[in-house]
Amino acid sequence: MTKHAVSPPGRQRRTFMLAVPLVAFALCSWPIGETARAAEPGKDTPVANLPRILVLATGGTIAGQADPRATGAYKSGQITGEQLMQSVPGLDKLAKLNAEQISSIGSQDMNDKVWFALARRIQDAFDKNEADGVVITHGTDTLEETAFFLDNVVRGDKPVVIVGSMRPATAISADGPGNLYEAVQVAADPRSRGRGVIAVLNDKIQGARSVTKTNTTSIETFSSPNDGPIGYVDTAGGIRFMTQAAGVKRATYQLPAGDQLPRVAIVYSHANMDAVPIEDAISHGAKGIVLAGVGDGNTSKPALDALEAAAKQGILVVRSTRVRSGFVTRNVEVDDDKNGFVVSEDLNPQKARVLAQLLIASGVTVPAELQRAFTATW
Ligand code: ASP
């Protein structure tokens, strides 16, 4: 089933009639059968010994509510983090939870202000030892960008888990409760330390650098095309990591003053591409341009010429790709050394944009250093 599935006419009415009482029911209690675990980890642990998990709510479909006027339609970000937590049975056996509302938005509206607020709150909670781990509830559309941003700015090795859902709280078979339960489980597990920001959805644990949304509406939407999940959570409550933790997270970037990252545009390449989108980006004050190139981060001659001219003006040009997997390689079809370009390696355009913003804000201009930041992550 999809978020906006079109049902056959006979079913639509039945679904609507069912949906009305479900709206009320689901708001106070998510279906226990969806979230019950054969063995609940921590169920015998005295409350005082449970890990402290800070839940930071930002909105998204996980906090969405159905629009009673239309089957399948809903609004993101309607339920608070506190309400979300209350509605998942057994969460209080996993951790001592404290929820704070950072925003109530669909993640299509995610912005620098919310990112900075999240980063500061997490750092503060870790620096003051107020929490052993953090769970962020978030819309799925830009979840990967928030994960990657935070991964690059939050210091320390405590777990930061980001979670969302594809179906709103009021849907039949909502995926939010199970996802939130598993996110708290992962955040509470000491083996999650030293892994940077991780995403937990649909029984998979995935790294901030690689996780990406790959399906518009299916609950099986997040994948890591180049390296696969770093772990799995199964229905009996077990967590299996497939990789070793790296230990204390590598050096991170400072948050720029003024709650705003520099302007970096993403330009999408296609057949018959001209230079207009690049010229537009420059005329609107872009300090960097990420090319969502064809193939190995390539584009047409006019667009390449415009990018070369941009790089000569001091604009950071990063070649990424519109292709879902693989690495963009230096100096193969495009002469990056001559043109002054950087390649994004495995970073998709939306993540390459975040790293470009952080590098520009940090004043990094030496080409080799810029390239190292995209390349040398492990
Ligand atoms: N538009 C929603 C959001 O990203 C979609 C979702 O959460 O699944 O907030």
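**Starting from T140**

Let's begin at T140: setting aside neighbours within four places in sequence, T140 is in contact with G60, T61, S107, G164, M166, K213 and T221. Two residues count as being in contact if their C-beta atoms, placed from the backbone, lie within 7 Å. What you're looking at is a predicted model, where local features need pLDDT of at least 70 and side-chain atom pairs count only at pLDDT 80 or more, while totals for chains, interfaces and linings use all residues. Residues are numbered from 1 along each chain as its sequence is written.

T140 sits in the loop between β5 (133–137) and α6 (143–153). Helices (H or I, at least four residues) and strands (E, at least two) are DSSP runs, numbered from the N terminus. Is T140 buried or exposed? T140 counts as buried, because 27 other C-beta atoms lie within 10 Å. The cut-offs are these: 20 or more other C-beta atoms within 10 Å of a residue's own make it buried, 12 or fewer make it exposed, and anything in between is partly exposed, with C-beta atoms placed from the backbone.

One of T140's contacts, T61, deserves a look too. T61 lies in the loop between β1 (52–59) and β2 (65–66), and is buried, with 28 C-beta neighbours inside 10 Å. Beyond its neighbours within four places in sequence, T61 is in contact with S76, G139, T140, G164, S165, M166, R167 and P168. An unreviewed UniProt entry gives T61 and T140 the annotation "active site".

S107 is in the loop between β4 (96–105) and α5 (112–127) and is buried, with 25 other C-beta atoms within 10 Å. D141 is in the loop between β5 and α6, but is partly exposed, with 18 other C-beta atoms within 10 Å. Leaving out residues up to four places away in sequence, D141 touches S107, Q108 and K213.

Now for the ligand. Which residues are around the ligand? They are G60, T61, S76, G106, S107, Q108, G139, T140, D141, G164 and M166, where being near means a C-beta atom, placed from the backbone, within 6 Å. That shell divides into 1 nonpolar, 9 polar and 1 charged.

Time to step back to the whole protein. There are 12 helices and 16 strands, and 46% of the 378 residues count as buried. Of the contacts between residues at least 6 apart in sequence, 73% join residues at least 24 apart.

Finally, the largest nonpolar core has 95 residues, and V184 and I289 have the most contacts inside it. Domain 1 (9–241) and domain 2 (261–375) both contribute residues, so this core lies between them. A nonpolar core here is a set of buried Ala, Val, Leu, Ile, Met, Phe, Trp, Tyr and Cys residues joined through C-beta atoms within 7 Å, and the domain bounds come from an automatic or database assignment. Apart from neighbours within four places in sequence, I289 has contacts including A265, V267, L307 and V317.

How values were computed: Nonpolar A, V, L, I, M, F, W, Y, C, P; charged D, E, K, R; others polar. UniProt positions renumbered as here; feature names shortened; annotations may be inferred.
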